[in-house]
Amino acid sequence: MEPIMCPFCGGTNLFQEDDYSLELDNEFWTIHHWECMDCAQSFDKIEVLPASNAFEEINESTIH
Ligand SMILES: [Zn+2]
């Protein structure tokens, strides 16, 4: 999962830090974190999946 560009400056020189995951009651969150090498801003994207499906369907293209 890659961002298209930095949301702050539009740059594409991005450094991706390690993902981390949280499992809540019935959801499985994966947090992706990037830092922009051009403007030094950092930003996140969060994927939320139902916990029961997280491991089976994480690569499916149709996530509801
Ligand atoms: Zn930037």
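Start with strand E1, residues 14–16, which pairs with E3 in the antiparallel sense over 3 bridges. Here a strand is a DSSP run of E at least two residues long, numbered from the N terminus, and two strands count as paired if DSSP finds at least two bridges between them. Within this pairing, Gln 16 has Trp 34 of E3 as its bridge partner.

A word on what you're looking at: this is a predicted model, where local features need pLDDT of at least 70, side-chain atom pairs count only at pLDDT 80 or more, and totals for chains, interfaces and linings use all residues. Residues are numbered from 1 along each chain as its sequence is written.

Next comes strand E2, residues 20–23, which runs antiparallel to E3 and is joined to E3 by 4 bridges. Look for Leu 22, which sits opposite Trp 29 in E3. To get from E2 into E3, the chain goes through a hairpin of 3 residues.

Now follow E3 itself, residues 27–36, across to E4, residues 42–50: these two pair in the antiparallel sense over 9 bridges. Another is Glu 35, which stands opposite Ser 42 in E4. The hairpin of E3 and E4 has 5 residues between the strands, and there Ala 40 takes a positive phi near 70 degrees.

As you trace the strands, keep in mind that side chains in a regular strand alternate between the two faces of the sheet.
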